[in-house]
Amino acid sequence: MDVSEASDACEAVLDAVSTAVIADRTVLETTLLGVVSGGHVLLEDVPGTGKTLTARSLATALGLEFSRVQFTPDLLPSDVTGTHVYNERDREFEFRPGPVFANVVLADEINRAPPKTQAALLEAMEEEQVTADGETRPLPDPFFVIATQNPVEQEGTFPLPEAQVDRFAVKTALGYPDEDGEVELLRRRSDRRTRSPEIESVFDEARVRALRESPEDVGVDEDVLRYVARLARATREDRRVAIGVSPRGTQRLFELARAHAVLVGREFVTPDDVKRVAPSTLTHRLVLTPDAQVEDAEKADVVRDALDSVTVPTV
């Protein structure tokens, strides 16, 4: 799949998802960019804004197998990855795959499960495989995780450790729709008998794999590479930051910038591509100093200042 064809395919997917989800187009684009770049997506927002619907609609539009895991305090790692069950007929134990064995896995309210269960996703997200009882099993291809969490009602929750947050390519929020969007939501509901809208698949597994390969054909100038590296380094040198963007984060910024170039149908990356994806790619990877937290500093301000201070190359 060439870049032009991939761009048209992305537009078709976004159009399909938009028929079910009332949200800002840029948010849907950011979510899709995480998928195209080969990464995972973290959606954080208050309840009822359409996080679950967005994940399900994206999976349906891409024509992929969808699985949902509702994370709760009593969820065990084997409830996610799978376990061995005794087969009385064959008189032996057989592996019964967990919900992680799907193309698109929705980890709903991931911060409500204990760290041991959250960690069960680490190998799956990074290596696209699961190890149970010493045996490693590959996950379906393509595979990606869309996790959700609520920024409210934090009693009894387990914040994701930084090592796991760093595994997510992008973090974004849907936000509340504007008045016209909310009216459109009601209008669509009045035209159907079910609460959940239905959308059509515009892709299949083979085309999704080809789509995720398309960014590899996008060229990146040496000056843009250096621009990406300097942005990451600027976050580490900020006095408000205890832990800046990791080298993994630098690579994800590079990959997301190439994916954005694909989205707009361009065969090379520009600094504008980097600027477009930097906030959703870098912000969640930062750890502020205690003093900065006391002063109510915002991670987004650190990224914004880095974008303002680093010299933009001419391409």
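Reader: How many of the 11 residues of helix α3 are buried?

Author: Eight of the 11 residues in α3 (residues 51–61) are buried, so the helix is mostly covered. Buried means under 20% relative accessible area, exposed means over 50%, and partly exposed lies in between (1.4 Å probe, protein chains only). Helices are DSSP runs of H or I with at least four residues, strands are runs of E with at least two, and both are numbered from the N terminus. This is a predicted model, where local features need pLDDT of at least 70 and side-chain atom pairs count only at pLDDT 80 or more, while totals for chains, interfaces and linings use all residues. Residues are numbered from 1 along each chain as its sequence is written, and side-chain values use heavy atoms, with hydrogens and water left out.

Reader: Which residues of α3 are buried, and what do they pack against?

Author: They are K51, T52, T54, A55, S57, L58, A59 and A61. Contact means heavy atoms within 4.5 Å. By that rule, the buried residues of α3 pack against the helices α1 and α2 (25–36), and against the strands β1 (41–44), β2 (66–70), β5 (104–108) and β8 (144–149). Just after α3, G63 has a positive phi of about 70°.

Reader: Is T117 buried or exposed?

Author: T117 counts as buried because its relative accessibility is 1%. This residue lies in helix α5 (residues 115–127). Not counting residues up to four places away in sequence, T117 touches F71, L75, L76, P77 and V80.

Reader: Where is V85 found, and which residues is V85 in contact with?

Author: V85 is in strand β3 (residues 82–87). With neighbours within four places in sequence set aside, its contacts are E92, F93, E94 and R96. V85 and F95 are 10 residues apart along the chain, and their C-alpha atoms are separated by 6.2 Å. V85 counts as partly exposed because its relative accessibility is 25%.

Reader: What about D308: buried or exposed?

Author: D308 is exposed, because its relative accessible area is 63%. Its place is helix α13 (residues 299–309). D308 and R112 are 196 residues apart in sequence and 37 Å apart in space, C-alpha to C-alpha.

Reader: Where is E5 found, and is E5 partly exposed or buried?

Author: E5 is in helix α1 (residues 3–18). With a relative accessible area of 39%, E5 is partly exposed.
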